[in-house]
Amino acid sequence: MLNLVKKELIRELLLMGIKSTRVLNAIEKVKREEFVSDELKKMAYDNNALPIDCNQTISQPYTVAFMTELLNVKEGDKVLEIGTGSGYQAAILKELGADVYSIERIAELSEKAKQILEKLGYDVKIKTDDGTKGWAEYSPFDGIIVTAAAPHVPQSLVTQLKIDGRLVIPVGDKYTQKIVLVKKIIEENQEKVTEKHYPDFRFVPLIGEEGWDS
Ligand code: SAM
């Protein structure tokens, strides 16, 4: 039964424009039902965000697929996620062969995500902290993905990107955001940062020193 609804979800993501077979395979592989409460398991493969503990959400599968496709993860890439939440996005990154570091500001969520990821065999380094400052100790990163909405792109995260690295982050007000793809490149011997914007997404707020106050 779950396999059928999973196939239906993959079909829907294809129709919505997700092209990366690697991303679609990762979504097919990860058991989303493991990252939600018992009463929501039957909805695990609906293309919707779902509530998790502490008033937070597990993002809509389309949003996860869209952001992951933009991140363009390659086997062995070092990737930092800000906003561990349920741990689902971290599992997707692991299925793509990344070495994953993830930061969550709410201890109850990071502890629970740690347990689930470990149970499912995903080795993710998780800490409870304000992720807007990044994780300097392990930087630079090939990719950084932020799964909560920021008022602007945090400079600490741009600093912690490798050359040719990508940062994918929702930016906007508290009600609606665009997803921003930030690339750090070298052009004419100079380090440059480029941005591409994709409108009309909605996330919970990124709360911290380089995010919202509350
Ligand atoms: N990636 C998650 C998943 O797969 O379930 C979804 C995350 S949820 C949409 C956003 C998360 O960002 C919430 O759990 C929230 O507590 C967390 N968050 C908000 N501000 C943060 C910050 N400054 N540092 C780390 N995590 C933060």
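**View 1. Lys-29 and Glu-95 form a salt bridge, with 3.4 Å between their closest N and O atoms.** The pair connects distant parts of the chain, Lys-29 in helix H2 and Glu-95 in helix H4, 66 residues apart. A salt bridge requires a side-chain nitrogen of Lys or Arg within 4 Å of a carboxyl oxygen of Asp or Glu; helices (H or I, at least four residues) and strands (E, at least two) are DSSP runs, numbered from the N terminus. Lys-29 is exposed at 54% relative accessibility, and Glu-95 is partly exposed at 27% (buried, under 20% relative accessible area; exposed, over 50%; partly exposed, in between; 1.4 Å probe, protein chains only). The model is predicted, so local features need pLDDT of at least 70 and side-chain atom pairs pLDDT 80 or more, while totals for chains, interfaces and linings use all residues. Residues are numbered from 1 along each chain as its sequence is written, and side-chain values use heavy atoms, without hydrogens and water.

**View 2. Asp-99 forms a salt bridge with Lys-125, the closest N and O atoms lying 3.5 Å apart.** Because Asp-99 belongs to strand S4 and Lys-125 to strand S5 (residues 125-128), the pair ties together parts 26 residues apart in sequence. Asp-99 is partly exposed at 27% relative accessibility, and Lys-125 is partly exposed at 28%.

**View 3. Arg-32 is buried yet has no salt bridge.** Its position is in the loop between helix H2 (21-29) and strand S1 (50-51). A polar atom of the Arg-32 side chain lies 2.7 Å from the backbone oxygen of Ala-44.

**View 4. The largest pocket holds about 590 Å³ of space.** On a 1 Å grid over the protein atoms alone, a pocket is an open set of points where a 1.4 Å probe fits, with protein on both sides within 12 Å along at least five of seven lines; lining residues have an atom within 4 Å of a point. Grid points are joined across faces, edges and corners, and the volume is the space filled by probe spheres set on them. Of the 38 lining residues, Thr-57, Ser-59, Thr-147, Ala-148 and Val-204 lie nearest the centre. Helix H3 gives the most to this lining, with four residues.

Conventions:
Lys and Arg count as positive and Asp and Glu as negative; His and the chain ends are not counted. A polar contact is a pair of N or O atoms within 3.5 Å; within protein, one must be able to donate a hydrogen and the other to accept it, and residues adjacent in sequence count only if both atoms are side-chain atoms.
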